[in-house]
Amino acid sequence: MSKSLSFKTIINYSTVILLLIAIAIRAGASFEWLKPEETKEYSLNDFKHAFPLAESFNKNSDQSFSVYGNGGVLLGHALVSEELNARYSGYAGEVPLVISLSEDKIITGIYLLPNGETSHYIEHIRKIGLLHEWSGMPLDTLVVQKQVDAVSGATRSSTAIIGTFNQTVANYLVVASQRQPFSMIRGIQIALMLALIVISLMQIIGKRLRQFYFYYLAGVVLVMGIWLKQMLSVGAFHTWLVNGLPWQTNFELIVILLLALVMALLGHKKYYCNYLCPMGALQMLVSKISPIKKRSINIKISVIHLNTVYLSFIWIAILLGISLPLSSMEPFMAFSFSVATTFMLLFGGVVMILSIFFNRPWCQFCPTGCAIDIVKPVIEK
């Protein structure tokens, strides 16, 4: 039976929407897409810091630049923030960047173009090493989700650099994806993801497939976690609030987010956690294999659950402008073996060990799951 849309419900959802807008603005979303585009001509000097041996360059169809040395030897590629309409202001204006890339699109450096920022702040940022934070990382969506702390003493300048970098990469990935031919591997990935979604819905509607739940969980871990690396996280939520939803570069994850929200509205708020979250699936697999009787983690501070305190701390910190290493506060990066830190791999390992003795231990604290739980059902079961 459908619930009537009460005034209290409207107020609750309005409050959440206003909170998200406030977080987006506080985190640096400046709605640059509202500003008119400017045409700028580039010279060889703009690429000399990134490629000292540069003799020539040309602009590619994906809005990147290829830089060549003596004899036409390819030195690498470059992304220019202004060309990709990425503009964030520091203390005295915008801080345009050149992102240098190797031939196989690995980030080799970040370089500042001429800007009006106070030289003292810029020099402090260089000494701290902010411009080297992304070096060695492949150019993909995980780079945008990497949480980089602002530099104390030059907070506004460093925040502008971080925002410009993220927006440059995000905009480039959109343009590049629109020019990539549809491959067979890409088709297989989409087909497998859709198959898992269909099976998950069938398990909710009927009980016939529940006897294969163990094998389904293994499929989620292998496909959604290890291969596709498609998982919701507060780091991704934060990035989307600032840069917008990545429809062109990662529409699959947006589909999963919308499905999770719709199912929560229909009364299945744990749908994503139980069926499509790779970390949730991995914990359940370990739990089912372990012969030890499982216990539940239910820690309270007075009458308040610890997960409520944890989630509140994250959102309040973001709203106040406190930079948090969001990607390190959840163990999901452990699925990305090539870029995961030792700490993140250990984090994931601890969660797995705890799963031997407890029912889905990480799910008791997961801020992503808590965020989805905010969505209240509009239909009574």
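Q: What share of the contacts in the protein chain with a separation of 6 or more comes from residues 24 or more positions apart?
A: The share is 64%. To count as a contact, heavy atoms must lie within 4.5 Å. Keep in mind that this model is predicted.

Q: How many helices and strands does the protein chain have?
A: There are 14 helices and 7 strands.

Q: What percentage of the 381 residues is buried?
A: Buried residues make up 46% of them. The accessible surface of the chain is about 19,900 Å², and carbon and sulfur atoms hold 63% of that surface.

Q: Why is methionine 184 called exposed?
A: Exposed means over 50% relative accessible area. Methionine 184 has 70% relative accessibility, so it counts as exposed. Methionine 184 sits in helix H6.

Q: What makes up the nonpolar patch on the surface?
A: The patch consists of Met184, Ile185, Ile188, Leu192 and Trp227. Nonpolar side chains are joined into a patch within 5 Å. Together these residues have about 520 Å² of accessible area. Helix H6, residues 184-205, supplies the largest share, with 4 residues.

Q: What is the order of the open sheet of 5 strands?
A: The order is E1-E2-E3-E4-E5, and the pairing is antiparallel.

Q: Why do strand E1 and strand E5 stand at the edges?
A: Strand E1 (56-59) and strand E5 (107-112) each have a single partner strand, so one side of each has no neighbour in the sheet. From one strand to the next, the twist averages 25°.

Q: How do you know that strand E3 and strand E4 pair?
A: Pairing needs at least two bridges between the strands. Strand E3 (residues 74-80) and strand E4 (residues 97-101) have 4 bridges, in the antiparallel sense. Alanine 78 stands opposite serine 100 in E4.

Q: What makes lysine 59 and glutamate 83 a salt bridge?
A: The cut-off is a side-chain nitrogen within 4 Å of a carboxyl oxygen. Here the closest N and O atoms are 2.2 Å apart, and the pair forms a salt bridge. Lysine 59 is in strand E1 and glutamate 83 is in the loop between E3 and E4, so the pair ties together parts 24 residues apart in sequence. A search of the whole structure finds 1 salt bridge.

Q: Is glutamate 83 buried or exposed?
A: Buried means under 20%. Glutamate 83 has a relative accessible area of 16%, so it is buried.

Key: Residues numbered from 1 in each chain as written. Predicted model: local features only at pLDDT ≥ 70, side-chain atom pairs only at ≥ 80, totals over all residues. Heavy atoms only, no water. Patch = residues over 30% accessible without salt bridge, like charges linked within 9 Å, V, L, I, M, F, W, Y side chains within 5 Å. Areas by Shrake-Rupley, 256 points an atom, 1.4 Å probe, with all protein chains shown as cover. Helix = DSSP H or I, 4+ residues; strand = E, 2+ residues; numbered from the N terminus. Buried < 20%, exposed > 50% of the residue type's maximum accessible area, 1.4 Å probe, protein only. Axes fitted to C-alpha atoms, helices over the stretch in contact; angles between N-to-C directions.
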